[in-house]
Amino acid sequence: MLAKKLNLETEHWLLYDGSGLSRYNQVTPEQFNQLLIALYKKHALYKKVYALLPRLGLDGQLVYYSVPRGLNGKIRGKTGSMQGVSNLVSILESKTGNDIAVSLFLSPGLNKFKNYRKTQMNLLDCFA
């Protein structure tokens, strides 16, 4: 229903379940960015969704992220992780005040989870 309202092509999105806890789900970072961009074009809906997303370093599960000084509160998003995988789909407020869709999916292997968040923060710092 949302995809139709946003005129979003989801034919190639593979969703096994709605929880996001299945390795059979196959939605790419690019597809998540397409969703965020489509939402952005529907300003009223975008503002509602944006307000619901936790702020990195301040709200929800994102409070546990060690955030570079300049990014605290400037990123809203949703995380997801399983053993060997850490994802972040986010909206970053740039220095110019523009919103940037950034989706980072990292899966370099098992037992390196503690480094994922640091890598994600370093990458986000490049966009700010």
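**Starting from Gln-120**

Set aside the neighbours within four places in sequence, and Gln-120 is in contact with Tyr-65, Ser-86, Asn-87, Leu-88, Leu-104 and Leu-106. Contact here means heavy atoms within 4.5 Å.

A word on the source. This is a predicted model: local features need pLDDT of at least 70, side-chain atom pairs count only at pLDDT 80 or more, and totals for chains, interfaces and linings use all residues. Residues are numbered from 1 along each chain as its sequence is written, and side-chain values use heavy atoms, with hydrogens and water left out.

Back to Gln-120. Where is it found? Gln-120 sits in helix H4, residues 113-127. Helices (H or I, at least four residues) and strands (E, at least two) are DSSP runs, numbered from the N terminus. Is Gln-120 buried or exposed? Gln-120 is buried, with a relative accessible area of 0%. Buried means under 20% relative accessible area, exposed means over 50%, and partly exposed is in between, using a 1.4 Å probe and protein chains only.

Now take one of its contacts, Ser-86. Gln-120 and Ser-86 are 34 residues apart in sequence, and their C-alpha atoms are 9.0 Å apart in space.

**The strands**

Ser-86 stands opposite Leu-106 in E3. That brings us to the pairing. Two strands pair if DSSP finds at least two bridges between them. Strand E2 (residues 85-93) runs antiparallel to strand E1 (residues 75-82), and eight bridges join them. E2 also runs antiparallel to strand E3 (residues 99-106), again with eight bridges.

Some partners, one by one. Ile-75 has Leu-92 in E2 as its bridge partner. Arg-76 stands opposite Ile-91 in E2. Leu-92, in turn, has Ile-100 in E3 as its bridge partner.

How many residues of E2 are buried? Eight of the nine are buried, so E2 is largely enclosed by the rest of the structure.

Next, the turns. The hairpin of E1 and E2 has two residues between the strands, and Gly-84 takes a positive phi near 85° there. The hairpin of E2 and E3 has five residues between the strands, and in it Gly-97 takes a positive phi near 90°.

**The loop between H1 and H2**

Look at the loop between helix H1 (2-5) and helix H2 (29-41), where Asn-7 is found. Asn-7 is not a glycine, yet it has a positive phi of about 55°. At 69% relative accessibility, Asn-7 counts as exposed.

Arg-23 lies in the loop between H1 and H2. Arg-23 counts as exposed, at 52% relative accessibility. What does Arg-23 contact, leaving aside neighbours within four places in sequence? Its contacts are Met-82, Gln-83 and Val-85. For distance, compare Leu-58. Arg-23 and Leu-58 are 35 residues apart in sequence, and 29 Å apart in space, C-alpha to C-alpha.

**The whole protein**

Step back now. The protein has four helices and three strands. Along the sequence, the pattern reads α-α-α-β-β-β-α. The radius of gyration is 15 Å, close to the 14 Å that the globule rule gives for 128 residues, so the protein is as compact as a globular protein of that length. That radius is taken over C-alpha atoms, and the rule is 2.2 Å times the number of residues to the power 0.38. Along the principal axes, the C-alpha atoms fill a box of roughly 40 × 35 × 25 Å.

Burial first: 34% of the 128 residues count as buried. Then contacts: among those between residues at least 6 apart in sequence, 44% join residues at least 24 apart.

Last, charge. There are 17 positive and 8 negative side chains, and the centres of the two sets lie 7 Å apart. Lys and Arg count as positive, Asp and Glu as negative, while His and the chain ends are not counted. Each charge is placed at NZ of Lys, CZ of Arg, CG of Asp or CD of Glu.
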